[in-house]
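Subject: Structure handed over, with notes

Hello,

Please find the structure below. My notes on it follow.

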Amino acid sequence: MQENMQKMPNAISFMKTFRPYMLVGIIIYTFLISIVTFISICVSMPDWQISKRIISLFMDAGAISDGNMVRFGMFVIGLNHASIIAAGVNVAGVIASGTNAGGVVAIGINAVGPIAIGVNAFGIIAIGCSAFGVVAIGKYAFGIYSLSYSPKGRGKHLLAPHRQDPEAIDFFRRWLPKLSSSLSTQ
């Protein structure tokens, strides 16, 4: 009983420290994905009046449009494409952002890549809700080293309010120094 009483303030402290970073990340992520998805839909449906305006803005800057995507050098935005820098729906690239994104750095819903950020992120480093990876950070993180806000997070070395493994504490203390004050060293 005494041992549980000592761990409780650390769990509460951990949650209070982690929550602002999680909320800021969610707000930025939602804003970026909303913009990318909206522009992708507009590009794919060029008959809309707002789509015509957005496409003309891109074309005035030197972009090329072909109905499903708008290309501007290495950057492409639209549906079902691959490029060095890709944004949109069903995209692949070195840097990919949007819904169903795959790349070295993938940001979005169902992101897959060595560095994946977003909902259902899958990669070596995965950040987001339902993150799966060697290093996973998020509400429901699953990985070898996991930093989870929820008791549903799982990992070989887990850092969560309900479980703080020494290996996970050492690992995340090195990369996230602001969380150090809320971590127990037991």
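The chain holds three helices and eight strands. Read from the N terminus, the order of the elements is α-α-β-β-β-β-β-β-β-β-α. Please keep in mind that this is a predicted model. Its mean pLDDT is 79, and 78% of the residues reach 70 or more. Residues 1-9 have a pLDDT below 50, and in the model this stretch makes two contacts beyond near neighbours in sequence. Where pLDDT is low, the predicted coordinates should not be read in detail.

Some totals for the chain come next. Of its 186 residues, 41% are buried. The exposed surface comes to about 10,300 Å², with 69% of it supplied by carbon and sulfur atoms. Among contacts with a separation of 6 or more, 21% are between residues 24 or more positions apart.

H81 has a relative accessible area of 7%, which is under the 20% cut-off, so H81 is buried. Leaving aside neighbours within four places in sequence, H81 is in contact with M69, V76, A86, A87, N90, V91 and A92. I107 has a relative accessible area of 26%, and because this lies between 20% and 50%, I107 counts as partly exposed. With neighbours within four places in sequence again left out, the contacts of I107 are I33, A96, S97, G98, A101 and I117. The C-alpha atoms of I107 and A126 are 9.9 Å apart in space, and the two residues are 19 apart in sequence.

Then there are the aromatic rings. A search of the whole structure gave three aromatic pairs. One of them is Y145 with F171: the ring centres are 4.4 Å apart and the planes meet at 20°, so this pair is stacked. The pair links distant parts of the chain, as Y145 sits in strand β7 (residues 141-148) and F171 in helix α3 (residues 166-175), 26 residues apart. Y145 is partly exposed, at 22% relative accessibility, whereas F171 is buried, at 17%. F171 also pairs with F172, edge-to-face, with 5.2 Å from centre to centre and 90° between the planes. Like F171, F172 is buried. Y145, F171 and F172 together form one aromatic cluster.

Regards

Conventions:
Residues are numbered from 1 along each chain as its sequence is written. This is a predicted model: local features need pLDDT of at least 70, side-chain atom pairs count only at pLDDT 80 or more; totals for chains, interfaces and linings use all residues. Side-chain values use heavy atoms; hydrogens and water are left out. Helices (H or I, at least four residues) and strands (E, at least two) are DSSP runs, numbered from the N terminus. Buried means under 20% relative accessible area, exposed over 50%, partly exposed in between (1.4 Å probe, protein chains only). Contact means heavy atoms within 4.5 Å. Accessible areas come from the Shrake-Rupley method with a 1.4 Å probe; for residues, only the protein chains shown count as cover. pLDDT is the predictor's confidence in each residue, from 0 to 100. Rings of Phe, Tyr and Trp (its six-membered ring) pair if their centres lie within 6.5 Å; planes under 30 degrees apart count as stacked, over 60 as edge-to-face and the rest as tilted.
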